[in-house]
Amino acid sequence: MSEQRINGQIRVPKVLLVGPAGEQVGIVRVEDALRLANEANLDLVEVAPGANPPVARLMDYGKYKYEANLKAREARKNQANTVQKEIRMGLKIDKHDYETKRRNVEKFLAGGDKVKVIIRFRGREQSRPEMGVKLLGRMAEDVSEYGFVESHPRQDGRNMVMVFGPHKKKAQAMAEARKRRSDAEKAANRGDDTASTTPDGTEDAAESGADSQS
């Protein structure tokens with residue numbers, strides 16, 4: 001993956017500008033985008049160079065790279081156990097399908113796995129990259145309890161990609177899953193013991209009746 005272009009490296013007339021909180025600013029001249037970045041003491045980072053116009057975001061690029069490197073090092077420590085899952089969806093996904101995809105993302109993150117969410121653009125949809133950024137931003141908000149954004153939306157040919165990392169480490173998630181299974185088994189065993197014991201007096205009365213008949 002090539003290095004992202006930032007600030008003066010972005011040599012296009014206009015960009016679709018996304019604010020630091022993910023809000024869409026709109027199509028602006030690159031000079032104006034650079035001025036806004038400078039006024040906010042932020043960087044202008046090109047996140048979707050293949051779009052028309054390219055999508056650029058205001059962010060603290062130094063902080064972003066630093067945090068990304070920390071996450072990458074941490075990820076390498078857990079690489080043997082961590083699996084990266086993939087979730088694919090279309091730009092015009094309906095509410096029911098979106099909820100199904102969201103639940104799957106949450107399930108994978110809760111299990112300690114990374115999730116790559118891929119949006120497929122078809123036909124003229126490729127001219128609306130801001131809609132992909134908006135949809136991925138919605139997903140990021142919806143699953144924030146289970147994971148964090150490891151890499152921001154990035155154009156990849158006809159697709160837009162965002163990667164989520166889990167809040168819990170894989171080992172921790174597996175340990176918690178084992179404990180839940182153990183607790184469930186203990187509860188089931190206690191239930192069996194209770195069911196096999198009759199209420200007070202019932203068993204004695206039955207035995208007394210049997211003795212008298214003998």
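The dialogue below discusses a sheet and several salt bridges in a predicted model.

Q: Which conventions apply to the model?
A: In this predicted model, local features need pLDDT of at least 70 and side-chain atom pairs count only at pLDDT 80 or more, while totals for chains, interfaces and linings use all residues. Residues are numbered from 1 along each chain as its sequence is written, and side-chain values use heavy atoms, with hydrogens and water left out.

Q: In what order do the four strands form the open sheet?
A: Strands of a sheet pair through backbone hydrogen bonds, either parallel or antiparallel. Here the order is 5-6-8-7, with mixed pairing; two strands pair if DSSP finds at least two bridges between them. Strands (E, at least two residues) and helices (H or I, at least four) are DSSP runs numbered from the N terminus. Strand 5 (84-90) and strand 7 (147-156) are the edges, each pairing on one side only.

Q: How many bridges join strand 7 to strand 8?
A: Seven bridges join these antiparallel strands, strand 8 comprising residues 159-166. Ser151 stands opposite Val163 in strand 8.

Q: Which side chains meet Arg5 in a salt bridge?
A: Side chains of opposite charge can pair when their charged atoms come close. The criterion is a side-chain nitrogen of Lys or Arg within 4 Å of a carboxyl oxygen of Asp or Glu. Arg5 meets Glu46 at 2.7 Å, N to O. Glu46 lies in strand 3 (residues 43-48) and Arg5 in the segment before strand 1 (14-18), so the pair ties together parts 41 residues apart in sequence.

Q: Is Glu46 buried or exposed?
A: Buried means under 20% relative accessible area, exposed over 50%, and partly exposed in between (1.4 Å probe, protein chains only). Glu46 counts as buried at 4%, whereas Arg5 is partly exposed at 33%.
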